[in-house]
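The following exercises are meant to be worked through with the sequence and the structure open side by side. Try each task before you read its solution.

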Amino acid sequence: MRALSRSDMPGTGRSVGPFRFPRLRTVEAWLLLLPSVVLFATFTHVPFVRTFIDAFWSTPKGRRPSQFVGFDNWTDLVHDPIFWKALVNNAFYALGTIPVSVGLALLMALWVNGRIPGRGLLRMAYFTPTVLPMIAVADIWLFFYTPDYGLFDQIRELFGLAATNRLGDPSSALIAVMVVAVWKEAGFFMIFYLAALQQIPPDLRDAAAIEGASRFGFFRRVTWPLLMPVTLFVLVNAVINAFRTVDHIFMMTGGGPDNATNLLLFRLYELGFKFWDQGQASALTVVLIAVLSGLALLQFLLAGRGVHYR
Amino acid sequence: MNRRLAPLASAIETVLAWVLGLAWLAPLLYAVWTAVHPPAFATRFDLGAPLTLDNFHRAWEAAPFARYFLNTVVIVALIVVSQIVLGTLAAFALARFTFRGRDLVFAVILLQLMIAPEILAVANYRTMKALGAVDTIWGIVLPYLTSAFGIFLLRQTFRTVPQDLEDAARIEGCGTLGVLWRVYVPAARPVHLAYGLVQASWHWNNFLWPLIITNSVENRPLTVGLSVFASVDQGIDWSVITAATLMTSAPLLLAFLVFQRRFVQSFMSAGLR
């Protein structure tokens, strides 16, 4: 066998070692990829395709196998008031939690990056909720919100105010679980802003100070534009989280009262694993995937112009 | 800003930052207070209240937490090790091999960033049923054994390794796996560590998929065990529930307090690179 020299390998464009055959390289590459590709196919891509198919087939029950039912699952879903309720709730939840947690995250990062007394302790306070399991967080807040005994009502009592049942009242329950999500997430997003702030060269600030720029002017003209890529990254994460984190709903309200805190993924769980309605659950999964991809696309199109990558 | 107003503004800022900090700590401190005092003092602030670990003891006795801990440790270990090993292999192929369809494979893998296994729970449940993996540890870990995010991160890292290092190792007689082990794995050590920490905390906390796929004490992780414990077993004995809650979070919380700097840096680097 003749050893190949680099010039014998067409189209590779990069050196691949002196004693290698291109076809062998290809086989090796696929062997390296094999375990991951098999797992992805089995648990992401095949189920992804299968969900689209299942949405047009009935749920198998006992001896009755699944049949093609056209758009039946979809008409059922569209006529299900709880689906609409969950959709509206989830939109409200996303619109409420995302700006607040991202805004707070930025504020926290600016504070912790500056020369504030007790900076280390403060950073720890902001970040700690991130490390806790959402289930534990929900437990703690459930206690916090308890009528009469919880800290909220204890504080209200000091001012002579009556006890409240935030989680039991349909008008306040959704807000109450949104507060928990903000508390849990803001510190997580802070970390990404903090990392980006630390990469802004100090010379920029000195130069701005010489030119007499105010702190706010510096933030608006220099810091904020430089933070755009991080903001985009954080927003994408925040949107995904708003549709995929429902652990606290299980713990705190179970979707109630009267579906006031039912969100899309929680509804999906109810349809799929409480009522075992595979057809409708698949249709709802398709909706959820469509919502997520639509939002991701929109963000990249909208933000793509304003982002300055380093 | 006016020079004379500047100190005032920064004082206000400090106060605001700390008010927010206290708001962020309050729920946790309240839970700690309740957990380390007798139930009579659960919601009464009295500096003279006696300290006790009895609540932790009662929680530990009331539910099979030892089993839950073991399950969670096994699950987290399997997932983190597998994601790092399989991710390293796949990322190496995508970063340093040229073959037809490479970019397509990478794009298709990245789809998993958005379509998380929880969202495909209904279809995945059927797969697990067909595999006989419902209510097993394998049922919990299988969908998470490899991750698009990990492959993405490691591919970025491998691309920064100088090609000359690989060529030198090849001339010395290293095969493909030898090159990976001697040249690329050492270069990726910080990324492996950062990614491992982030994934360990993520999977320690994971709830929805384990809830769906398990229904027995033998296979439940801590999060699912805690939710069952708090909703069914205990009525409203908050002292015991908060003790159990803190207990399940304690390992991560302690690890975080000890390795705080490392932890924060890990989250930063695993997210941004």
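**Exercise 1.** Which pattern does chain A follow when it is read along the sequence?

*Solution.* Before starting, note that this is a predicted model, in which local features need pLDDT of at least 70 and side-chain atom pairs count only at pLDDT 80 or more, while totals for chains, interfaces and linings use all residues. Residues are numbered from 1 along each chain as its sequence is written, and chains are lettered from A, with ligands numbered from 1, in the order in which they are written. Read along the sequence, the pattern of chain A is α-α-α-α-α-α-α-α-α-α-α-α-α. In numbers, chain A has 13 helices and 0 strands, where helices (H or I, at least four residues) and strands (E, at least two) are DSSP runs, numbered from the N terminus.

**Exercise 2.** How many residues does each chain bring to the contact between chain B and chain A?

*Solution.* The contact takes 73 residues from chain B and 73 residues from chain A. On the side of chain B that touches chain A, α1(B) gives the most, with 12 residues. That side divides into 49 nonpolar, 20 polar and 4 charged residues, where Ala, Val, Leu, Ile, Met, Phe, Trp, Tyr, Cys and Pro count as nonpolar, Asp, Glu, Lys and Arg as charged, and the others, Gly among them, as polar.

**Exercise 3.** Locate the domains of chain B and describe where they meet.

*Solution.* The domain assignment, which is automatic or taken from a database, gives domain 1 (6-56) and domain 2 (65-272) in chain B. Their C-alpha centres lie 33 Å apart, and 8 residues of domain 1 of chain B are in contact with 9 residues of domain 2 of chain B. On the domain 1 side of this contact, the largest share, 4 residues, comes from α1(B).

Notes. Two residues are in contact if their C-beta atoms, placed from the backbone, lie within 7 Å.
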